[in-house]
Amino acid sequence: MSIAPAALVLPAFVHDADVLDEREPWLDRYDLAREYDLPGAPDPLRYTDTDSDSAGLALLPTGMGKANTATTLAAALASPDLDLSDTLFLSVGVAGGPPTDTTIGSVVLAEAIVDWDVKVRWDAAEGEGGVPLQLNPYREADHVHRPDPDLLDWAVARADDTDLADDPAVRTHREQYEGRGAHADPRLLVGTNVCGDEFWHGRVLAERVQWLCDRYDAGTYCATEMEDAAAASALARFDRLDDYLSVRGIANFDRPKPGQSVEDSLADEDFEVGFELGLENAVRVASTLVDARLD
């Protein structure tokens with residue numbers, strides 16, 4: 001058996017029906033009727049049943065975080081039962097974002113993916129002021145992955161006119177934030193994505209994230225998530241990074257509202273109000289790319 005998908009979508013979250021499930025919109029849109037239990041993967045690979053040797057679209061949940069993602073994707077790339085030599089790989093899911101440069105419901109196609117975790121950090125209280133960070137002195141190169149510019153141009157050309165949804169409750173929520181991005185309508189963006197296993201939140205940490213992006217000459221970050229640096233690393237090891245796209249829907253802001261504490265922000269009943277919208281719009285953009293690839 002050899003399964004040869006034209007496109008492989010890599011969601012992270014797979015949960016019960018009452019919690020966000022990044023797999024569900026794909027199961028609703030496509031007939032992913034066939035399954036393959038891939039050794040090393042937390043969930044089965046699902047794929048469309050076609051009349052040709054190509055499997056069309058395949059869906060492989062990776063699990064949350066970088067370790068799960070790298071392990072799952074490496075297992076797929078090394079599997080003798082999968083032919084991924086002509087496959088387009090897409091990470092599709094939700095992300096946080098800064099209200100200064102994006103808004104809930106927007107979709108970010110990554111032109112750079114910065115690994116937040118590979119750095120030196122010290123206790124600010126023990127330091128001498130300034131940003132308590134420095135670049136990892138043992139790195140062989142900057143920890144930034146840059147998807148292929150030609151593939152990115154192809155994606156933008158096909159997805160730029162995608163109709164993105166909006167929601168009155170989400171609009172009310174984001175209008176409580178300051179920033180040129182927060183009050184805009186959802187739209188497709190090309191920008192920098194910051195990936196880390198640490199679920200960070202707050203203005204001070206946001207400034208430090210931007211500090212790292214500046215050191216890497218990676219531009220202004222637009223999205224924060226927990227998987228895509230690992231997906232890019234695994235694909236680079238197999239010389240397949242040029243066939244990779246990161247598609248992230250902004251589901252929440254990465255800091256509190258003005259006058260709100262960080263703890264209250266994370267506990268706010270509105271914190272997750274944008275998750276369904278962010279996921280819906282990410283899938284709208286990504287499914288446009290998948291359909292173009294299948295055609």
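How many nonpolar, polar and charged residues are in the lining of the second largest pocket? In this predicted model, the lining has 6 nonpolar, 3 polar and 4 charged residues.

The second largest pocket has a volume of about 230 Å³. It is lined by 13 residues, and the closest to its centre are His-143, His-145, Ala-229, Ser-233 and Arg-237. Strand S9 (144-145) and helix H6 (228-237) each give two or more residues to this lining. H6 provides the largest share, 5 residues.

Next, the nonpolar cores. The largest has 33 residues. Trp-26, Leu-90, Val-92 and Val-247 have the most contacts inside it. Strands S1, S4, S5, S6 and S12 each give two or more residues to this core, as do helices H3 and H8. H8 supplies the largest share, 8 residues. A second, separate core of 27 residues includes Leu-8, Leu-84, Ala-229 and Tyr-244.

| Feature | Residues |
|---|---|
| Largest nonpolar core | 33 residues |
| Second, separate core | 27 residues |
| Lining of the second largest pocket | 13 residues |

Val-92 can be followed through its contacts. Beyond its neighbours within four places in sequence, Val-92 touches Val-9, Leu-10, Pro-11, Glu-22, Trp-26, Val-247, Ala-282, Val-283 and Ala-286.

Leu-59 lies in strand S4. Is Leu-59 buried or exposed? Leu-59 has a relative accessible area of 1%, so it counts as buried. Its contacts, with neighbours within four places in sequence left aside, include Leu-8, Val-9, Pro-11, Trp-26 and Leu-45. Val-209 is 150 residues away from Leu-59 along the chain, and their C-alpha atoms are separated by 31 Å.

Terms used: Residues numbered from 1 in each chain as written. Predicted model: local features only at pLDDT ≥ 70, side-chain atom pairs only at ≥ 80, totals over all residues. Heavy atoms only, no water. Core = buried A, V, L, I, M, F, W, Y, C linked by side-chain atoms within 4.5 Å. Buried < 20%, exposed > 50% of the residue type's maximum accessible area, 1.4 Å probe, protein only. Helix = DSSP H or I, 4+ residues; strand = E, 2+ residues; numbered from the N terminus. Contact = heavy atoms within 4.5 Å. 1 Å grid on protein atoms, 1.4 Å probe; cavity = no way out; pocket = protein on both sides within 12 Å on 5 of 7 lines; lining within 4 Å. Points joined across faces, edges and corners; volume = space filled by probe spheres on them. Nonpolar A, V, L, I, M, F, W, Y, C, P; charged D, E, K, R; others polar.
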